[in-house]
Amino acid sequence: MTTAVKPTRSRWRRWRIAPGWWFVAPALVLIVVFFIGPVIAAVGLSLTDYDLYALADPRAARWVGLHNYARMLHEPLFWRSLRNTLYFALVGGPLTVAVSLGAALLVNARAVRRKGVARAVFFAPFVTTLVAVAIVWRYLYHQQYGLLNWLLGHVGIHPIDWLGDPRWAMPAIIVMATWKNFGYNMLICIAGLQSIPRELYEAAALDGATAWQRFRHITIPMLGPTLFFVVIVTMIGYLQLFTEPYVMTQGGPLRATTSLALFMYEEGFRWWRLGSAAAIAFLLFMLIVLFTVVQRRLSPRAAA
Amino acid sequence: MARDTLLTRLCAAATLASIFGCARADAHGGQTELRVWAFGAEGEALGPIASDFERANPDVRVRVQAIPWTAAHEKLLTAYVGDALPDVAQLGNTWIPEFAALGALEPLDMLVARDSASVPRGDYFPGVLATNVVGGVLYGVPWYVDTRVLFYRTDLLRKAGVTRPPTTWSELRDDLSKLKRVQPAGAFPILLPLDEWAQPVIFALQNGSLLLTADGTRGDFLDPRFRRALDFYVGLFRDGLAPPLANTQIGNVYQEFAAGRVAMYITGPWNVGEFRRRLPVELRRSWATAPLPGPDSAGVSFAGGSSIVIMRRSTNKAAAWRFLAFLADPTRQARFYETTGDLPARRSAWSTPALVRDRELAAFREQLGRVVPTPAVPEWELIATRIAQTAERAARGRQSVDDAVASLQRDVDDILEKRRWLATQRRTPARADADARR
């Protein structure tokens, strides 16, 4: 007596979900609910004129299509913020990467003992809370009592109003941001440096290469993928500059340090034009995507 | 094995106990808990007053949360969205139209009418009380007030040959020209920081401009009264009587005032204490305050300060009103002045000896009798910023007064477009029916 093949079994197989999906499901649900959902809602918000009146009564929100985007492109303060953000990212970004690489080389050098301590010391600024950092740096930058002006005074330079002079406020923020953020990239560069085989350096030294030649022809090419990652991540972070100007200068003096994210925050939470702020957020997103695409084009080997 | 099971069971029991054992914050042995938010220095000064209130009202427990001013606006609005507003809050009076538009504030007309012994409307400066009225409804009770008056160097003015402070615009210009001749070279007689909206707005209000149309749906800047006020303001810069500088470019205003590089300054009551503290001892008697000069006679100023409001969603409104009335008591207002330096909102509180004897505050008392409110629209702060930016462009000579007025009118009409649209919505028959049914 043979048992007939149960038809339910093949039906079962068609609807069967791979076990992998079940394992990933909790994280996916969280991502959809707390990330993808709000992003889609924000796109919708940017196409309306949601503001304070709409907070009180949702019927007061109107569909305006791309009007918010058009208005932003005609707003002088938007272009000022964009310029400030690009200034910060294009000067601060390479500076941070260079400092991180330098620190990584320092820490990784064979002559250095206690590498763990050195790493911890250089990483400490990254994990320090920004408000505490801002308080100390505001004292450092003080025009009359600050340490920086005191040091510059010894070299004969007049006291500079670092946070009050529109020309010097952004450089001051760049230096502070570099100091705060180089630790993270340094760790990644250290990992990258340690994966370069020692034999390459020994072979080059035997062939008579100087330290600079070894750096240029071995370290940099071998670090390619690592540097590519570090530059992209740094740029993505720096284009979203917000906390440093928020705590140090509140966007001043005379709008010299208003970044796109700070402008968006003001538009959304000071003037309560949330539709407009969502539009700025998407313009910033498109800027970051553009930057990332350009960087990929510039380093095809590294991206591979 | 047995120990592990016991440990597991103990942990489970402790977790369950802590979840179910959490008492609700509201009920503490029959006491009502009143949540109060206050900002800045006043928030910190409110603690002892709250303890006094608890002693006088044992059935109410007051929880004061002091929030810095920089975070106050955002915190209030996010609390509104998250339905986590307190029972009672301090609110800057320029914020009242905003929160009234949100429907977050409890109308206080009935409570004030019923309890007129504790909060008599007539005892408040009329101009100040008017800032708390939106659409004819009272939403807040003034707590402390401030306004702007003229601070000036009496010795420099005497040296310039002027015996009394100016009371009209033409006297002001004359005095400034005379002052410029006795000041050090390159100095400007009056300081009007270009990034502040207070000065152009004050001149406009003094000249009778309403800034916005009556229903607040359009700017009223093409009116000749506003144009004349802006022309007067810009003229002070054009003729070298005021420096074309923003606050960040000025450095230390107290040093400039002490050195005589600034002889006149329009500012508020907080600077009375600051001037007394920071000016050198020999200049102690060399400065004074005076009410602002107006176009033809003594001028008006605008009324600032904070009010106490009760939130509409509060479940403890009776206790909230008792706390509000407690703060409104004249003796307590006078004592509050002594702790914080904030001027009382009630006229009867001004007869306390500390305030009567204070020479510099006499000008404030007089000015408070001549204050007008700024337009009560939620967009006011944005409009005020635009006014400051346009006035700055005109003062720096980058735009003529006519062009400035036209561009300001365009900008403000654009800002108020939503308000205009909402006004038309309310007039449609369908909406009117819905409103009537609600």
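A helix here is a DSSP run of H or I at least four residues long, numbered from the N terminus. Keep that in mind as you look through these close-up views of a predicted model.

**Figure 1. Arg332(B) sits in helix 15 of chain B.** This helix covers residues 330-340. Which residues does Arg332(B) touch, once its neighbours within four places in sequence are left aside? The partners are Ile49(B) and Phe326(B). For a sense of scale, look across to Leu157(B): from C-alpha to C-alpha, Arg332(B) and Leu157(B) are 38 Å apart in space, and 175 residues separate them in sequence.

**Figure 2. Four strands of chain B form an open sheet.** Strand 8 (190-191) and strand 10 (287-290) are the edge strands, each pairing on one side only. Now follow strand 7, residues 149-153: four bridges join strand 7 to strand 10, and the two run antiparallel. Within this view you can find Phe151(B) standing opposite Thr289(B), a residue of strand 10.

**Figure 3. The largest cavity has a volume of about 90 Å³.** What lines this space? The lining of the largest cavity is made up of Asn93(B), Thr94(B), Pro97(B), Thr131(B), Ala303(B), Pro373(B), Thr374(B), Pro375(B), Ala376(B) and Trp380(B). Sorted by class, six of these lining residues are nonpolar and four are polar, with no charged residues.

**Figure 4. The second largest cavity has a volume of about 40 Å³.** Its lining includes Val112(B), Val119(B), Leu129(B), Leu138(B) and Val141(B). Arg121(B), Tyr124(B), Gly140(B) and Pro142(B) also line the second largest cavity. How do the classes divide here? There are seven nonpolar residues, one polar and one charged. In total, the model has four cavities of 30 Å³ or more.

**Figure 5. Stepping back, chain B has 21 helices and 14 strands.** Along the principal axes, the C-alpha atoms of chain B fill a box of roughly 95 × 60 × 55 Å. Chain B has 438 residues, and 53% of them count as buried. The accessible surface of chain B is about 19900 Å², with 54% belonging to carbon and sulfur atoms. Take the contacts in chain B between residues at least 6 apart in sequence: 75% of these join residues at least 24 apart.

Technical notes. Residues are numbered from 1 along each chain as its sequence is written. Chains are lettered from A and ligands numbered from 1 in the order in which they are written. This is a predicted model: local features need pLDDT of at least 70, side-chain atom pairs count only at pLDDT 80 or more; totals for chains, interfaces and linings use all residues. Side-chain values use heavy atoms; hydrogens and water are left out. On a 1 Å grid over the protein atoms alone, a cavity is a set of points where a 1.4 Å probe fits but cannot get out, and a pocket is an open set with protein on both sides within 12 Å along at least five of seven lines; lining residues have an atom within 4 Å of a point. Grid points are joined across faces, edges and corners, and a volume is the space filled by probe spheres set on the points. Ala, Val, Leu, Ile, Met, Phe, Trp, Tyr, Cys and Pro count as nonpolar, Asp, Glu, Lys and Arg as charged, and the others, Gly among them, as polar. Buried means under 20% relative accessible area, exposed over 50%, partly exposed in between (1.4 Å probe, protein chains only). Contact means heavy atoms within 4.5 Å. Accessible areas come from the Shrake-Rupley method with a 1.4 Å probe; for residues, only the protein chains shown count as cover. Two strands pair if DSSP finds at least two bridges between them.
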